[in-house]
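Please read this briefing with the sequence and the 3D structure at hand.

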Amino acid sequence: MTKSMTGARMVVEALRDQGVEVVFGYPGGAVLPIYDEIFQQNEIRHILVRHEQAAVHAAEGYARSTGKPGVVLVTSGPGATNAVTGLTDALMDSIPIVVLTGQVPTFMIGTDAFQEADTVGITRPCTKHNWLVKDTDRLSETIHKAFHVATTGRPGPVLIDIPKDVQFASGSYTDPRRSEMGHYKPQVKGDIEMITRLVEAMEQARRPIFYTGGGVINSGDAATQLLHELVEATGFPITSTLMGLGAYPASGDKWLGMLGMHGLYEANLAMHGCDLMINLGARFDDRITGRLADFSPNSMKAHVDIDPSSINKVIHVDLPILGDIAHVLEDLLRIWKSRGRKVNRDGLAKWWAKIEDWKKVDCLAYAPSSKTIKPQYALQRLQALTKDHDRYITTEVGQHQMWAAQFLHFDAPKRWMTSGGLGTMGYGFPASIGVQMAHRDALVINVAGEASWLMNMQEMGTAMQFNLPVKQFILNNERLGMVRQWQELLHGERYSHSWSESLPDFVKLAEAFGAKGIQCHDPADLDDAIMEMINHDGPVIFDCLVEKHENCFPMIPSGAPHNEMLLGGADTQDAIGAKGAVMV
Amino acid sequence: MSALRLKKGLSKHSAYDLRDPNAEVIESHTLAVIVDNEAGVLARVIGLFSGRGYNIESLTVAEVDHLGHLSRITIVTKGTPQVIEQIKAQLGRIVPVHEVHDLTVEGPSVERELALFKVAGQGDKRIEALRLAEIFRANVVDSTLESFVFEMTGMPQKIDAFADLMRPLGLIEVARTGVAALARGT
């Protein structure tokens with residue numbers, strides 16, 4: 001009892017069967033049949049972006065704030081190539097995205113036709129998997145399989161390239177239950193013997209630490225609940241990567257704050273000095289490890305990850321556990337409880353005393369000012385004035401992103417959307433649009449720098465058209481702040497092209513789009529201005545003029561280990577050696 | 001705020017130095033990868049090697065199960081033990097890859113390569129080429145008054161050795177298939 005329909009109709013039918021409610025896209029010649037089908041139905045909402053890159057970032061924001069896959073529909077050629085940055089971003093941060101691209105008709109493939117590009121070739125290294133569908137009979141099954149691949153195992157972006165003649169031709173529709181999913185079936189249950197060895201190590205450990213990443217959030221709500229239970233029951237300290245913020249509440253008393261290059265002093269020193277490191281869904285990124293040879297030199301390391309290629313990639317671990325975080329934590333808690341809930345209480349008490357000493361360093365302290373708005377102060381006030389709201393934060397990339405990670409606090413997962421692995425300037429604004437689409441009544445704020453924000457500012461049109469009241473909180477220092485900071489530390493204060501000249505008047509820009517613009521430069525006015533932004537029912541561009549030469553601390557200089565952090569006010573001249581300067 | 005005293009200029013490695021100081025031994029491994037025989041699957045495998053900077057010493061691919069649409073890719077690669085492990089994990093992550101076997105560590109295996117050699121010459125050189133070909137159990141598959149094409153199957157080292165011997169005798173062209181390998185026993 002297969003239904004016969006056109007390929008274009010099949011796309012809409014398959015998306016509906018997959019429970020898709022929103023598609024972010026941009027039409028063009030090679031997807032016109034699909035757009036014609038979208039026009040003739042009301043179940044799937046289409047959000048017209050102003051640039052295909054923004055469609056993918058919006059889908060990422062949607063996916064990360066809901067746990068559901070984000071869907072993108074773009075045309076062939078430039079539509080597809082514009083999506084490449086978003087695909088790479090989603091691949092690096094393991095975000096489930098399904099991108100549908102139009103393609104020139106099969107009989108024209110290879111002829112350098114108008115708006116032809118080798119889309120599956122171009123996107124092969126930046127997708128988890130991709131398909132070129134040449135037969136309408138295979139189309140619906142391929143779409144169902146694409147959703148399966150994108151959302152299972154380590155999530156990631158997938159792409160389906162659909163030639164225009166395949167969209168016009170008729171074929172038989174296969175519904176998801178009858179679709180062949182192939183052999184792709186990632187392992188989710190961890191090895192019980194390895195988990196038991198980890199429990200034994202946890203019972204003995206004198207200086208344990210949980211080091212958690214985005215994998216905990218990707219694993220789902222069960223994983224974050226189990227993590228919370230495990231941390232509370234054991235009393236072990238916990239730190240997280242940029243991607244994992246919110247998996248354990250920042251208000252929890254076991255929370256050490258973010259670790260890594262701009263992570264907290266206590267978190268990094270605890271990583272350096274621990275005797276048992278329990279990595280849950282993080283990947284020993286170079287922003288985390290610093291100098292590999294000196295990374296946490298005296299610890300036993302356990303690593304739970306669903307991706308076998310993440311284990312032993314850069315750091316050799318003693319206890320590799322392949323599996324889904326929720327499944328592994330469930331077994332871990334069960335075994336630990338059945339063995340009598342043992343921990344090394346004396347060792348833990350001393351360990352916490354040491355951590356409390358490190359906390360006294362107060363590594364996020366900065367020189368306050370009554371004349372200019374310090375970016376840290378702006379974020380502290382934003383935190384204070386928004387923390388009781390149903391709040392979602394996205395960011396762009398740079399200093400403001402690190403300050404946001406340091407000063408904004410997340411008590412729940414899926415509230416923090418940032419471009420971690422790829423570091424994509426221009427991510428935050430479209431991501432905020434995707435988040436707001438999924439949470440229409442929530443307060444969605446994009447913490448931005450003025451340079452990043454300009455990279456996708458065209459999306460003001462999208463926000464206005466779909467009445468998405470996203471707040472663009474721009475920390476405007478008229479600089480590429482992080483680039484400027486590195487030039488100060490590494491390149492003899494030669495600030496090559498790191499300042500923003502000819503900036504627009506952001507208030508007038510907002511007004512040109514029909515939105516509200518607010519500018520603030522006086523710390524005394526900041527609270528009122530932020531409240532005005534929160535209370536305005538519609539998109540706001542908030543131009544927060546901040547101190548121009550503030551550096552982001554703490555900082556582990558390139559190529560240095562965790563115990564060689566720079567704190568604010570340190571003499572930073574020549575802090576980074578020639579070898580470190582090679583790094584980004 | 002108390003500033004930490006930073007030891008300046010001590011950075012010996014960048015954070016991108018992925019080498020394991022304890023495992024600098026470069027090993028050669030033969031991998032057998034069973035994949036769906038679909039468009040682009042070879043590009044995925046090759047793209048993985050070029051994109052992540054791994055070596056390919058030899059690569060062969062052909063369909064081995066027509067009904068099951070399965071192909072077998074045999075790759076000879078070189079790297080430190082950590083890199084070899086990473087290559088296998090990365091290959092396993094490719095969606096159309098069914099199995100990854102490291103024949104070098106999974107037990108005894110047989111490796112064979114087929115090669116064709118065109119040797120041109122006259123007089124004593126021609127006679128010597130033919131004599132050596134018999135010693136190496138190479139077959140003559142084409143012959144003119146001025147040339148031979150020899151066909152030979154064997155371990156890559158044997159093919160290398162034969163090529164070295166033929167070079168002064170008028171070797172003008174070589175075609176090699178790359179290594180095909182199977183585990184011994186059942």
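The notes below begin with the model itself and then go through the topics in turn.

This is a predicted model, in which local features need pLDDT of at least 70, side-chain atom pairs count only at pLDDT 80 or more, and totals for chains, interfaces and linings use all residues. Residues are numbered from 1 along each chain as its sequence is written, chains are lettered from A and ligands numbered from 1 in the order in which they are written, and side-chain values use heavy atoms, with hydrogens and water left out.

**Domains of chain A**

- Chain A is split into domain 1 (3-178), domain 2 (192-359) and domain 3 (375-545); such bounds come from an automatic or database domain assignment.
- Between the C-alpha centres of domain 1 of chain A and domain 3 of chain A there are 30 Å.
- In the contact between these two (contact means heavy atoms within 4.5 Å), 25 residues come from domain 1 of chain A and 28 residues from domain 3 of chain A.
- Domain 1 of chain A and domain 3 of chain A bury about 2,100 Å² between them, and 60% of this is on carbon and sulfur atoms. Buried area is the accessible area (1.4 Å probe) that two parts lose on being put together, summed over both.
- Which three residues supply more than any others of the area that domain 1 of chain A buries against domain 3 of chain A? They are A:Arg50, A:Arg64 and A:Ser65, with 29% of that area.

**What the interface is made of**

- The interface of domain 1 of chain A and domain 3 of chain A has zero salt bridges. A salt bridge is a side-chain nitrogen of Lys or Arg within 4 Å of a carboxyl oxygen of Asp or Glu.
- Twelve residue pairs (both at pLDDT 80 or more) are in polar contact between domain 1 of chain A and domain 3 of chain A. A polar contact is a pair of N or O atoms within 3.5 Å; within protein, one must be able to donate a hydrogen and the other to accept it, and residues adjacent in sequence count only if both atoms are side-chain atoms.
- On the side of domain 1 of chain A that touches domain 3 of chain A, at least two residues each come from strand S2 (22-25), strand S3 (45-48), helix H3 (52-66) and helix H5 (84-92) of chain A. Helices (H or I, at least four residues) and strands (E, at least two) are DSSP runs, numbered from the N terminus.
- H3(A) gives the largest share of that side, ten residues.

**Salt bridges**

- Over all chains, the whole structure has 35 salt bridges.
- Side chains of opposite charge can pair when their charged atoms come close.
- A:Asp175 pairs with A:Arg177 in a salt bridge, with the closest N and O atoms 3.3 Å apart. A:Asp175 is buried at 17% relative accessibility, whereas A:Arg177 is exposed at 75%. Buried means under 20% relative accessible area, exposed over 50%, and partly exposed in between (1.4 Å probe, protein chains only).
- A:Lys254 and A:Asp253 form another salt bridge, their closest N and O atoms being 2.8 Å apart. A:Lys254 is buried, with a relative accessible area of 13%, and A:Asp253 is exposed, with 53%.
- A:Asp307 forms a salt bridge with B:Arg93, and the closest N and O atoms are 2.7 Å apart. This pair crosses between chains: A:Asp307 is in the loop between strand S13 (300-305) and strand S14 (319-322) of chain A, and B:Arg93 is in helix H2 (residues 81-93) of chain B.
- A:Asp307 counts as buried at 3% relative accessibility, while B:Arg93 counts as partly exposed at 31%.
- A network of salt bridges links A:Lys3, A:Arg9, A:Glu13, A:Arg16, A:Glu37 and A:Glu43.

**Local details in chain A**

- A:Lys414 lies in the loop between helix H17 (399-407) and strand S16 (416-417) of chain A. Its side chain makes a polar contact (3.2 Å) with the side chain of A:Asp221.
- Helix H1 (residues 7-17) of chain A is largely enclosed by the rest of the structure, because eight of its eleven residues are buried. Among them are A:Met10, A:Val11 and A:Leu15.
- After H1(A) comes A:Gly19, with a positive phi near 80°.

**Chain B**

- Chain B contains four helices and eight strands, in the order β-α-β-β-α-β-β-α-β-β-α-β along the sequence.
- Of its 186 residues, 39% count as buried.
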